[in-house]
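This briefing covers a helix pair, a chain contact and one further helix. Please keep the structure in view while reading.

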Amino acid sequence: MIWYTIRRLIGAVGLLVVMSIVTFLIFYATPTDPARLTCGKNCTPTGIEQNRKYLGLDKPITQQYLAFVGGLFHDRKFPADKELQQARPDLILTCHAPCLGYSPLHNEEVWTYLKPKIPVTISIVLFGFILWLTSGVLLGIVAALFRGKFLDRVLVSGALLFYSFPTFFVSLLLLQLIVFQFNWMQTPTYTPISSGVGDWLYNLFLPSLTLALVFAAAYIRLTRAYMLETMGEDYLRTARAKGVKERKVVFKHTLRAALTPIVTIAGLDFGILLAGAPITETVFSFQGLGYATVQSVQIFDLPVIVVIVLLAACFVVLANLVVDLLYGVIDPRVRY
Amino acid sequence: MEGMEIEDVEVTEVDPRGGQPRPYLDVTGLKVHFPTDDGLVKAVDGVDFSVEEGKTLAIVGESGSGKSVTMQAVMGLLRRTRAKIEGEVWLGGTELLHASNEDVRRLRGASMAMIFQDPLSALHPYYTIGNQIEEAYRVHHKGASRKSARQRGIEMLDRVGIPNASRRIDQYPHEFSGGMRQRAMIAMALINDPKLLIADEPTTALDVTVQAQILELMKGLQSDFGSAIVMITHDLGVVADIADDVLVMYAGRAVETGKTTDVYFDASHPYTWGLLRSMPRLDRDREDRLDPIPGTPPSLIHLPSGCAFHPRCPFPEVVGGDRCFTEMPELFEVTANHHARCFLTDEQRRDVLAKASAPGSEVFQ
């Protein structure tokens, strides 16, 4: 199991290298020129060149990439261009290793810029994850137990309804109804957990509920399907033949087998969302990773984009690894 | 004991026992019908049988003849389905079909236990063998500690011939071989010392040498525990090996019942002849081909009119007229304890059999 984990982590590093290269390549494949974009209305060719040097985009792409990777191991100075450094030595910024780069557009180190956004996203996603997993799985079990009955149809069609709504619609609907129409809650603004768990949860409720509604819909259907599949298994007949109570047959024997595949899907969904829920964060103006992604892409802020992509890749890779290791625990037939 | 065997094949509804105690399992007029979108599936359509403690009844028939459904109805495993069940099932003085779900649950696993065809799919893949055996014990022994349940589990595994039981009890089903799994199933079924053991094709999924071991084991356990066994099978070799009585089922009904020796040496129903002729035997010539029964089992929604076997039976002309096509034969008494559901008279039957055993006869084709 330890060797398996090490092997997987080595693979993950390789994956991150590939991901970062691809991000660099895609960035340069776009027709937009960030140097021109940041130059404003009255722009001269020298101005554009100046900006290009300032943004560090004047070097060949391979050098830029190596400089980025090198930053992980030694300090970097920004701006990197020697002429600019000589012109304004007072503006030189040193980014200490491991340096994830510097965003001239925000005039900040990338990590300094992104770091406060991570807990925002984690909070929304974690709370939402708990909401959707519990409600989705519970309602899925109910739907499976009442298969074909009225309750099952209500749950399945209700799930389909929410699943087919776009996220921005669900979040705006919640905001409109709960905040503006009925005044049940105040407009949520993120407060860190350190300033009170109650406030933290209160403000997270609507964005997390948005995620939960959209995802729970999928989990209701998944749980229902896996439950129904498991209900046909011979070992449940064995359990009943032993005289095990029906409640225990459902909640112990059936659920144990039906939930195993759901663990995989839940882990992956969680990992993907950790890199940000752009729409939800934007609608509620929560300064999370998703919001930062949208902004950076709009202003072509390469240093930030690369780090966000790598962060997202890390989350997915880690979630994947955790799920696979968890599988070895929950399914005794899996051995590494 | 022998005298009471007569009741195994009672057809009439007047109390045949005359005050004698009921056999441990006594089933009369059992019907199991499943309403489906395509129509009513008459999986079991009036079956009577009984088993004494210490005796073995084999229920024989093709797939879809209703043999498994019959015993699942006895176990109460069809209660949460849409099946419509009629008749009476007496287990040690309790009528099960009209008892509450909870009462039947208490009996399941304690007074009657069941083992299944494929032990790999019948054991939960995520729990250890020990966990599953202990659960069977603790369901019916409320006060029992985990430790005592485990101790009992080890004893039972030991008893069914699993070497190193105290170590293997912590393994998962996939770490057991097929035969070991079935042994574990048997240990699980017998842990509460049930008086009735229902075995649903327990050897079908196992290879032949293991089959013999499992049958030996079951015989040995039966003589120790004195339980009644109902063996569902389509393997007539198994029947000859283990059963005292045989019930041959076709299309949800009994077509022949009796003592194993009677049914084997004096088979009286064309379907039973077909079954016996399709069985490989050491005393047959090697050139002899196995004779399959032509045709397939009938649809249980649209049963053939008259005798359900007539579309596959070579002898309606022998019976004469259109009797086989229009009239359902009743079970008639061949000899004492031995009944068959056929219109052929004794004379016709002897005649037909004499022809069939003549060299080169292809009467069944």
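A crossing of two helices is called right-handed if the near helix is turned clockwise from the far one by less than a right angle, and left-handed if the turn is anticlockwise. The model is predicted. The points below treat a helix crossing in chain A, the contact of chain A with chain B and helix H5 of chain B.

**Helix pair in chain A**
- Helix H7 (residues 117–145) and helix H10 (residues 197–231) of chain A cross at roughly 35 degrees, and their axes come within 5 Å.
- The crossing of H7(A) and H10(A) is right-handed.
- Sorted by class, 24 nonpolar, seven polar and one charged residues make up the contact of H7(A) with H10(A).

**Contact between chains A and B**
- Chain A has 17 residues in contact with 23 residues of chain B.
- On the chain A side, helix H11 (234–241) and helix H12 (246–274) each supply at least two residues.
- H11(A) gives the most to that side, with six residues.
- By class, the chain A side holds nine charged, five nonpolar and three polar residues.

**Helix H5 of chain B**
- Helix H5 (residues 146–159) of chain B has 14 residues and reaches 20 Å from its first C-alpha to its last, close to the 20 Å expected at 1.5 Å a residue.
- Its buried residues are B:Ala149, B:Arg150, B:Arg152, B:Gly153, B:Ile154, B:Met156 and B:Leu157.
- These buried residues of H5(B) pack against helix H4 (129–140), helix H6 (165–168) and helix H7 (178–190) of chain B.
- B:Gly161, with a positive phi near 85 degrees, follows H5(B).

Note on methods:
Residues numbered from 1 in each chain as written. Chains lettered and ligands numbered in written order. Predicted model: local features only at pLDDT ≥ 70, side-chain atom pairs only at ≥ 80, totals over all residues. Axes fitted to C-alpha atoms, helices over the stretch in contact; angles between N-to-C directions. Helix = DSSP H or I, 4+ residues; strand = E, 2+ residues; numbered from the N terminus. Nonpolar A, V, L, I, M, F, W, Y, C, P; charged D, E, K, R; others polar. Contact = placed C-beta atoms within 7 Å. Expected span 1.5 Å × (residues − 1). Buried ≥ 20, exposed ≤ 12 C-beta atoms within 10 Å, placed from the backbone.
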